[in-house]
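Here is a short report for a reader new to this structure. Please look over the sequence and the model first.

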Amino acid sequence: MNPPLRVAVTGAAGQIGYSLLFRLASGAMFGPDQPVILQLIEAPIEKALKALEGVAMELDDCAFPLLKGIIQTSDPAVGFKDANWCLLVGAKPRGPGMERADLLKDNGRIFISQGQIIDAVAAADARVAVVGNPANTNCMIAASQAKRLPADRFTAMVRLDQNRAQSQLARKAGVDLTGVQNIFIYGNHSPTMFPAFAHATIGGKPATTVIADTAWLHGPFCETVGKRGAAIIAARGASSAASAANALVDHVRSLVTPGVIHSVAVKSNGHYGFDANVWAGMPVRTTTPGSYEAITSYAMDDFAKSKLAATNKELIEERAFIADLIK
Ligand code: NAD
Ligand code: LMR
């Protein structure tokens, strides 16, 4: 057995937290040989902390062999102390009629202080995964506060969008989900995101050959994936939670598994024409556990280029909107 990993989770008593923690403690995220200590962080609100106590009791009652300890706290300096992974879920979710960017001013502040505290107290090898919306820009905000941890340690989640896109392509083609490969998400976790269908394969053939309906790929496919979060809010009355938790398990699992190619929002460094200082979804290959390299070799046609330009513009606008926060 390896020594336990310390995994800090914010928003631990929230909707996503409730779907996430049990899978994390069961080994789904870090594997069956990796014990964990959960460092659960909630807002300093009586109701949230009481709910967190209940979640911790349930974790105890699962008797997970890999779970070696639980810390419950509203103090981020305690919760992030020596953490190897910081999963930043805690933030306000949007309601019906809102865009994720409407959360920027409220949620952005959270990521300023969490970025500073993680940088000060987390483990030397700390990795950060941001889920709280708007995830790309919140990740950029947290990374902007770090002096010790390099920018590539900060990632935001677009894996839910990749999973959604894979599912939509499989349904349209009438094939098993596992037949759909190489569908990657570019740009913002927002309706402007671009699921790059031209690089996807279905049963080993180009998706654009198997699905000859180009109008569907350009229109309803991109729109369904981009607006799936809003469709779930409209149907459920609350934002996606179980599928988001599942995507975070996938995001981290893929990031600790060398060789896997998957969609992650990372500091763009100018790849695919993105502004160098925005966090944009793109395919990355995990190199060593927790580290990755961007895959920059995919060619983009004119349609793809216009989509990339639109999502880049939105990321730049979001950054401009909170520029006063990150000064
Ligand atoms: P929720 O309201 O059920 O839970 C959020 C929890 O965070 C609450 O318990 C709250 O008390 C806590 N919290 C708030 N501020 C905090 C802080 N400063 N420190 C620690 N905890 C804090 O919301 P949810 O459904 O779990 O969603 C959480 C976030 O994830 C939202 O912003 C939502 O929009 C986002 N989300 C992102 C994706 C994605 O794909 N990136 C998918 C789904 C949801
Ligand atoms: C999602 O994509 O389901 C989440 O980002 C929640 C939302 O606000 O859409």
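## Terms and model

Buried means under 20% relative accessible area, exposed means over 50%, and partly exposed lies in between. By that rule Asp-106, at 42% relative accessibility, counts as partly exposed. The model is predicted.

## Two domains

The protein chain is divided into domain 1 (5–156) and domain 2 (159–321). Their contact takes 36 residues from domain 1 and 41 residues from domain 2. The centres of the two domains, taken over C-alpha atoms, are separated by 23 Å.

The area buried between domain 1 and domain 2 is about 3100 Å². Carbon and sulfur atoms give 63% of that area. On the side of domain 1, Met-29, Arg-100 and Asn-136 lose the most area to domain 2. Together they account for 20% of what that side buries.

What kinds of polar pairing cross the interface? The rule finds 13 residue pairs in polar contact between domain 1 and domain 2, both residues at pLDDT 80 or more. The count of salt bridges between the two domains is 0. Several elements give two or more residues to the side of domain 1 that touches domain 2. Among them are the helices α1 (15–26), α4 (104–121) and α5 (135–144). The strands β4 (85–88), β5 (127–130) and β6 (154–156) are also on that list.

## Helix α1 and its neighbours

Which residues of α1 are buried? They are Ile-16, Gly-17, Leu-20, Leu-21, Phe-22, Leu-24 and Ala-25. These buried residues pack against the strands β1 (5–10), β2 (36–41), β3 (67–73) and β4. They also pack against the helices α2 (46–62) and α10 (242–255). Gly-27 follows α1, and its phi is positive, near 105 degrees.

Gln-162 lies in helix α6 (residues 159–173). Is Gln-162 buried or exposed? It is buried, because its relative accessible area is 8%, under the 20% cut-off. Leaving out residues up to four places away in sequence, Gln-162 touches Ile-183, Phe-184, Ile-185, His-262 and Ser-263.

## Salt bridges

Side chains of opposite charge can pair when their charged atoms come close. How many salt bridges does a search of the whole structure find? It finds 10 salt bridges.

One of them joins the side chains of Lys-50 and Glu-53, at 3.6 Å from N to O. Both residues lie in helix α2, 3 residues apart, about one turn of the helix. An α-helix has 3.6 residues a turn, so residues three or four places apart point the same way. Lys-50 is exposed, with a relative accessible area of 54%. Glu-53 counts as partly exposed, at 36% relative accessibility. Another salt bridge pairs the side chains of Lys-92 and Asp-106, at 2.7 Å from N to O. Lys-92 lies in the loop between β4 and α4 and Asp-106 in helix α4, so the pair ties together parts that are 14 residues apart in sequence. Lys-92 counts as partly exposed, at 44% relative accessibility.

Asp-275 forms a salt bridge with Arg-319, and their closest N and O atoms are 2.8 Å apart. This pair links distant parts of the chain, 44 residues apart. Asp-275 is in the loop between β12 (261–267) and β13 (279–286), and Arg-319 is in helix α11 (residues 302–321). Asp-275 is partly exposed, with a relative accessible area of 23%.

## Cysteines

The structure holds 0 disulfides. Cys-86 is in no disulfide, and the nearest cysteine sulfur, that of Cys-139, is 12 Å away. Cys-86 is buried, with a relative accessible area of 0%. Cys-222 also counts as buried, at 4% relative accessibility.

## Backbone exceptions

Most residues other than glycine have a negative phi, and most peptide bonds are trans. Where is there a cis peptide bond? It joins Asn-133 and Pro-134, with omega about -5 degrees. Pro-134 lies in the loop between β5 and α5.

Asp-82 has a positive phi, near 60 degrees. It sits in the loop between α3 (76–79) and β4. Asp-82 counts as partly exposed, at 37% relative accessibility. Tyr-272 has a positive phi too, near 55 degrees. Its place is in the loop between β12 and β13. Tyr-272 is buried, with a relative accessible area of 16%.

How values were computed. Residues numbered from 1 in each chain as written. Chains lettered and ligands numbered in written order. Predicted model: local features only at pLDDT ≥ 70, side-chain atom pairs only at ≥ 80, totals over all residues. Heavy atoms only, no water. Disulfide = S-S within 2.5 Å. Buried < 20%, exposed > 50% of the residue type's maximum accessible area, 1.4 Å probe, protein only. Domains from an automatic or database assignment. Contact = heavy atoms within 4.5 Å. Buried area = accessible area lost by both parts, 1.4 Å probe. Salt bridge = Lys/Arg side-chain N within 4 Å of Asp/Glu carboxyl O. Polar contact = N/O pair within 3.5 Å; in protein donor to acceptor, adjacent residues only side chain to side chain. Helix = DSSP H or I, 4+ residues; strand = E, 2+ residues; numbered from the N terminus.
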